[in-house]
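I opened the notebook to record what I looked up in this structure, one topic to an entry.

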Amino acid sequence: MQARWQELPANRRFALLAGLAALLAIVVVAFLWVGKPSYKVLFTNLSERDGGLVIAQLQKLNVPYRITDGGEVIAVPGDEVYTTRMKLAATGLPKGAGVGFELLEHEPLGTSQFVEQVNYQRALEGSLERTIQSLSAVESAKVHVAIPKPSVFLSEQEKPTASVLLQLYPGRVLSPAQVAGIVHLVAASIPGLDDKSVTVVDQHGDLLTTNANAENNGLQPTQLAYQRQIEHQYQRRIEEILAPLVGHNGVRVAVSADLDFAKTESSSVQYGKGQMLSQQTRGSSWSGGSGGSGG
C-alpha cells in the first residue's frame, strides 16, 4: 500500500489528501449541525425592563438564549421552552405581559359582539397598564374596568368604574399630583367615566385616591399648581419686604391661599336702539250683495 502511494504522482497525492480533508470537514460540520439545538421563541415584544429581567433570570438558570429581530425576540432551545416559561412565571416574569390593542389585530371572522367587547376591554386595560408602568416609581400596574351594559331607559343607566392596583418600587412613593394624573389618565380613556369613580390602591392595600383628594381639597392638578404658584409669589414678596428690616434669618413666611375656582355662566341678548323686535300684520276682505225677485 505504501509502495503504491509512493508510485503516485505528487499532484494525485495532493488531490487525494485534499479530498480526504474535505470529507472529514463535511463529517464534522454535519455532526455539529445535528447536535445543534433548535431555538424557538420564548417571548416577543417585551419592554426593555422586562427583557433585561428575563435575560438575567435565564443566565441564573444556565439556559442558553438568543436575541433576534433587534431585541424584540428572545429564543431558547426548543425542548426547554415550556419548562423555562414555567420557571420564569414562578418568579413573576415577565411583569408587563399584559396585552394591548394588538389583541384586536388578529380577531377571526365571525367573532360575536360579546367576544369583541371583552377583547376590547382587555386591550384597553392592557394599554392603560403599559402606560402607567412607564412611570419611574411604578414597577407594575393592574387595571380593572367595569363597563355596564347600555340601557334605553335613562333612569337605569349606570356609569362605568375603574380600579388601579400599583406595585411600587421599594422606597418609592407617588405624590398626590401623580396619583391625580393616573386618575385623570384612566378617566379620560373611558367614555363616561368620572374621576370620582376611579380608585387607586398600592401593593399594601392603601387607598391613594382618598389621600390625594384630601390633600388637594378636591382641586384639579392645574388648579392646584396655580394655587401653589400664587402662594409662592406672595411668600416671596413678603420676604422681600421684611428681610431688609429684620434680616433674612429673622423672616419666616408661610402663605395659604384660598382661591375660588367656581364658574358661572350667563347669557344676554342686546337690541340696538330703534330696532324692531317683532311685527305682525293682519288683513281681511269681504264682499257680498243682496237681490230680490218679483212676479
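**Entry 1. Burial of one residue.** Before starting I wrote down the cut-off: a residue counts as buried under 20% relative accessible area, as exposed over 50%, and as partly exposed in between. I also noted that the model is predicted. I then looked up Glu-139, which sits in strand β4, residues 138–146. Its relative accessibility is 16%, so Glu-139 counts as buried.

**Entry 2. The whole chain.** I listed the secondary structure and found eight helices and six strands. In sequence order I read the pattern as α-α-β-α-β-β-α-α-β-β-α-β-α-α. The chain has 295 residues, and 23% of them are buried. For the accessible surface I noted about 22300 Å², with 55% of it belonging to carbon and sulfur atoms. I also looked at contacts between residues at least 6 apart in sequence; 59% of these join residues at least 24 apart.

**Entry 3. The nonpolar cores.** Which residues have the most contacts inside the largest nonpolar core? I found Ile-132, Leu-166, Val-186, Val-198 and Val-200, in a core of 23 residues. The elements that give two or more residues to this core are α5 (113–133), β4, β5 (161–168), α6 (176–189) and β6 (198–202). Helix α6 gives the most, with five residues. I followed up Val-198 and left out neighbours up to four places away in sequence; Val-198 then touches Ala-162, Val-183, Val-186, Ala-187, Leu-193 and Thr-209.

**Entry 4. Salt bridges.** I found two salt bridges in the structure. In one of them, the side chains of Lys-142 and Glu-129 meet at 3.7 Å, N to O. This pair links distant parts of the chain, with Lys-142 in strand β4 and Glu-129 in helix α5, 13 residues apart. Lys-142 counts as partly exposed because its relative accessibility is 41%. Glu-129 has 7%, so Glu-129 counts as buried.

The side chains of Glu-231 and Arg-228 also meet in a salt bridge, at 3.8 Å, N to O. Why are these two separated by about one helical turn? Glu-231 and Arg-228 are three residues apart in helix α8 (residues 221–246), and therefore about one helical turn separates them. Glu-231 is buried because its relative accessible area is 12%. Arg-228, at 39% relative accessibility, counts as partly exposed.

**Entry 5. Rings.** How many aromatic pairs does the count come to? I wrote down zero. I did find charges over rings. Arg-66 lies over the face of Tyr-39, at 4.2 Å from the ring centre. Arg-237 lies over the face of Tyr-234, at 5.8 Å from the ring centre.

**Entry 6. A backbone angle.** Most residues other than glycine have a negative phi. I looked up Asn-62, where phi is near 60°, a positive value in a residue other than glycine. Asn-62 is placed in the loop between α3 (48–60) and β2 (66–68). Is Asn-62 buried or exposed? At 67% relative accessibility, Asn-62 counts as exposed.

Key:
Residues numbered from 1 in each chain as written. Predicted model: local features only at pLDDT ≥ 70, side-chain atom pairs only at ≥ 80, totals over all residues. Heavy atoms only, no water. Phe/Tyr/Trp six-rings, centres within 6.5 Å; stacked < 30°, edge-to-face > 60°. Lys NZ or Arg CZ within 6 Å of the ring centre and 35° of its normal. Helix = DSSP H or I, 4+ residues; strand = E, 2+ residues; numbered from the N terminus. Buried < 20%, exposed > 50% of the residue type's maximum accessible area, 1.4 Å probe, protein only. Contact = heavy atoms within 4.5 Å. Areas by Shrake-Rupley, 256 points an atom, 1.4 Å probe, with all protein chains shown as cover. Core = buried A, V, L, I, M, F, W, Y, C linked by side-chain atoms within 4.5 Å. Salt bridge = Lys/Arg side-chain N within 4 Å of Asp/Glu carboxyl O.
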